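Q: I would like to learn how to read the features of a protein model, one at a time. Could you take me through this one?

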Amino acid sequence: MSETTDPELPVKRRKATFRVPLIGLLAIFGLMICLAPTAFADVPGLWALYVIPLGLILFVVRTRTVATPHGLAVRTMFGHRELPWEALKGLSLTKRAKVRAVLTDDSTIPLPSVRTRHLPVLALVSGGRLEDPTGLVDDLITAPERKPTE
């Protein structure tokens with residue numbers, strides 16, 4: 001009689017997305033409603049005022065930072081850049097609690113919507129490649145993953 005083993009369960013992939021909350025779209029739509037009387041007045045060309053809210057919608061929907069076990073994906077209004085963990089030298093913090101990625105060539109890239117309070121999450125997703133300055137997730141990173149028992 002041969003024994004068969006169950007295939008290993010896939011490891012849950014860690015992923016974190018940092019973005020502007022989508023509830024901000026509600027305020028932008030309110031701005032569009034408030035602009036309607038002015039934009040459609042008898043003065044030609046005022047409809048171009050709608051470019052401002054449309055740009056804000058594009059900013060809210062598109063701008064984000066996604067952290068995966070492979071690296072960071074930084075998406076801005078008009079660009080996208082993949083940063084593997086090996087290309088990062090570390091992180092830089094600004095006075096306003098914003099976070100920038102420092103690459104191995106000492107250039108910096110701003111990480112949209114990432115703040116200092118998100119550093120433990122970045123450390124957890126990176127699998128220990130980034131150090132958590134708060135020490136909140138150190139035991140989660142160093143703990144061996146347990147296999148489910150039957």
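Q: Which strands does H3 lie across, and at about what angle does it run to E1?
A: Keep in mind that this model is predicted. An angle of this kind compares N-to-C directions and can run from 0 to 180 degrees. Here H3 lies across E1, E2 and E3, and its direction makes about 145° with that of E1.

Q: In what order do the strands of the open sheet stand?
A: The open sheet is formed by 4 strands, in the order E1-E2-E3-E4, with antiparallel pairing. E1 and strand E4 (80-84) each have a single partner strand, so they stand at the edges and one side of each has no neighbour in the sheet. From one strand to the next, the twist averages 15°.

Q: How many bridges join E1 to strand E2?
A: Between E1 and E2 (residues 64-68), which run antiparallel, there are 4 bridges.

Q: Which residues of the largest nonpolar core touch the most other members?
A: A nonpolar core is made of buried residues joined through side-chain atoms within 4.5 Å. In this model the largest such core has 18 residues, and those touching the most other members are Ala 67, Leu 72, Leu 83, Leu 88, Leu 111 and Leu 122. At least two residues of this core come from each of strand E1 (16-19), strand E3 (71-75), strand E6 (98-103), strand E7 (108-115) and helix H3 (119-126). Beyond its neighbours within four places in sequence, Leu 72 has contacts that include Ala 67, Trp 85, Leu 88 and Leu 122.

Q: Which residues does the second, separate core include?
A: That core has 8 residues, among them Leu 25, Ile 28, Ala 39 and Tyr 50.

Conventions. Residues numbered from 1 in each chain as written. Predicted model: local features only at pLDDT ≥ 70, side-chain atom pairs only at ≥ 80, totals over all residues. Heavy atoms only, no water. Buried < 20%, exposed > 50% of the residue type's maximum accessible area, 1.4 Å probe, protein only. Contact = heavy atoms within 4.5 Å. Pairing = 2+ DSSP bridges.
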